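The following exercises are to be worked with the sequence and coordinates at hand. Each task is followed by its solution in steps.

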Amino acid sequence: MPHIVVRNLTVRYDGHEALREVSVEIPDGQITVVLGPSGCGKTTFLRCLNRLIDLTDGAKVTGEVLIDGENILAPDTDLLRLRKKVGMLAQKPQVLPMSIYENVAFGAWLHGVRDKKALDALVRDCLKRVHLWDEVKDRLFAPASQLSVGQQQRLCLARSLAVEPEVLLCDEPTSALDPISAQRVEELFFELKERYTLVLVTHTLRQAKRLADYVLFFYMGELVEHGLAQRVFSEPRDERTRAFLAGVIG
Amino acid sequence: MGELTWRHCKEALMQGTMVTAATLLFGSLLTLLAVVTVKGWQGMSWAMLVRLPKSGSYLGGEGGILNAIVGSLLLAVGATLLALCLALPVALLLQPDYAGRTKFAQFLRLLLNLLWGVPSIVYGACGFALLVALGWRACLLGGIIALTFVELPIMVRAMDEALRMVPKAMKEAAYSLALTRWETMRHVVVRQALPGLVTAVLLAFGRGIGDAASVLFTAGYTDNLPRSLFDPVASLPVAVFFLLNSPFAEVQRQAYAAAFVLLVLVLLVSVLTRLLAARLSRYLVR
Amino acid sequence: MASRLWQERLATALLWASGFLVIGLTGALFTALFVRALPILHRQPLSSLLTGEQWQPAKGIFGFAPFLAGSLWVTLTAMALAVPLSLLTAIYLAEYARPQVRLTLKPLVDLMAGIPSVVYGVFGVLVIVPAVGKIATFVKTHLSSVPLLSPSMPPTGYSVLAGGIVLALMVSPTIIAITDEVLRSVPMSLREATLALGATRWETVRFVVLRAARPGIVSAILLGFARAFGETMAVLMVVGNVPSMPQSPFDPAYPLPALIANNYGEMMSIPLYDAALMLAALLLFVTVLVVNLAAQLILRRLGRGWAN
């Protein structure tokens, strides 16, 4: 399991600070929830962890993010290796313009798995793990766009798993889903934390309470408080955290 | 690890290829501009612009290309005005407020798109057939008509896009003030779309000055200025074409000068388009 | 109030009238073309006209094959050059170029599209034709045994290749502009999802973005083909205008548009010549129409394409 350490991470867009001097260690093999009201920098934080922040025009990033001792913010970082290790699930399910099978197999194929049998086994395994196999096993080569939104999000999860990451970053993964699909995805997270480190962004307190082992609370770009979920929810140390938990802000 | 390095290599290779392709294309463009400018400038003089060719332009050496410059302007302005009279109503018709969602409008749009792709020489040939049927000679009017067909689809398409960008909410606000469709179009939509509409007109005009194939047989050629709509008229592109073939270097120089003037005119129209579009956007709601 | 209603009705009527006028004019124009081409169609069946290789109007022999072949040779050469260059440039502009670079280069593409064809022709005559002439002489001397390559007549530079190069320059802006628009309409989230899987930028483009944009790109290429097929002046000035079947890219050719443009002067003096040229125009029109129609249909289906 990789060790993720963030030191003095600061992100600026057009002179305004989206993240200010964030320093924290993310625990392995647990679900770490990144919590906070809208616009507080949670997504920005997540996007720093797999260098997707590079794609945002005008973002200036300083500080360090160490994964297994290597600073991934250094310009010479191998992004391909990083993104294989650290996968991402976006808020709105974005399937690739291919069949269901190809969607799952594509990442692995890119990274060098070419043997057909190995790919077949991988696809079946990943689809089973997200509990999608039974629903799609008879139409593996149908276009992925035919699936419902909930199924698409599970497909995206399977796609990320096929690359064999060690960390999964999830940006409000159930906010675009109906309650039943959302619940199924949340159940998946509990299963996944046995093999992966999960970092989940959410702005709903209830979801955080259901899922979190560890909590990072952000407010206006600052990491206000962090710690074990039980402790943060029952004995918050900062008054902003208390205000958020009470529903006063956010 | 070897696999990873190979993928990084491929990335670098493809980037290099892309930059090479772009350099080749834009380099050719710049070479073209340079060559035409240099050759054209050599033959240029104030006299060239304001004098008519001396009789027998294939043989004559002095004289200029005024006939072609004036001719081109007459043809293009005439065609643009005629096209405008037809293009604006058609573009308005295509909006959802009028026929926009009917099969008729779909058909009309398809037709206009196809017309857009028709080579201008076909319009020239059709125009010629028409002239023969009417018993006329090649003349200014003939050229204007053929050129109108070239400019019309370009203008309609650009106007249609400009009109479509007017936000629906703006139109609804006008309707809820009890404006009729025509009043909404006239006072609100056209005003909001004005920069785009002007751009459309100038775009078509730019194409019109440069087109040779449609006016080749319909407008004729002459060394003089036309005195009526039924006189033949010269034009810059046709002048370049005819004069270039002459064995006399002085005449060839006129051809290069004509090409240069044409290029400058087209560039001017392009710059003017951008400036006007910016100027007219003062009252626009974004 | 009454006058406002009256104005509204008048305006609506005028608008509809203009729509019908456009349709009517188009119909009339092409009927005129067809009617004037009829005489020659009555004398000879279309198939023999299209396959005949001899062109001697004075003797009444009208074979269009050399011109069709010429058009195809030149257009296909142009596409072979233009498509890779344009697609690569468009991908560069849409996916890789920094905003400032894109802001400078995009207007240049528009500029290229606006340059009149005679100006391209002048450039062709001054630069391309001599260059091709030199290459052709080289090929003739050293590679004369290579079949499709070696010129079958003394090379002058006025050739299929010269026409192809000039056309490629003229057609590239069209392909680039459409491809660029199509690429930019592919949602960013698609690229991000692929990159997040650990793909390189090129892999993202190649396997995902291009696949999503495929219908648009195909129609861009078809539109480019149609424009190249119908282009007259620039090609006319550099292609040699010899009515024989070209056998190498260094041979001269005589595309259909050039045929019409060069001979309209003699049209009326030889019987059936004018009908033959009108037929050439009709052939040109139909070909371009069919290709454009295909492109339009593909563009239409883009709306019901792969993605929601």
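**Exercise 1.** Determine how many residues of chain B are in contact with chain C, and which helix of chain B gives the most to that side.

*Solution.* Step 1: count two residues as in contact if their C-beta atoms, placed from the backbone, lie within 7 Å. By this criterion, 63 residues of chain B touch 64 residues of chain C. The most comes from α1(B), with 20 residues. Step 3: classify the side of chain B that touches chain C, which divides into 48 nonpolar, ten polar and five charged residues. Here Ala, Val, Leu, Ile, Met, Phe, Trp, Tyr, Cys and Pro count as nonpolar, Asp, Glu, Lys and Arg as charged, and the others, Gly among them, as polar.

The model is predicted: local features need pLDDT of at least 70 and side-chain atom pairs pLDDT 80 or more, whereas totals for chains, interfaces and linings use all residues. Residues are numbered from 1 along each chain as its sequence is written, with chains lettered from A and ligands numbered from 1 in written order.

**Exercise 2.** Describe the fold content and extent of chain B.

*Solution.* Step 1: chain B has eleven helices and zero strands. Step 2: along its principal axes, the C-alpha trace of chain B spans about 70 × 70 × 35 Å. Step 3: of contacts in chain B between residues at least 6 apart in sequence, 75% join residues at least 24 apart.

Technical notes:
Helix = DSSP H or I, 4+ residues; strand = E, 2+ residues; numbered from the N terminus.
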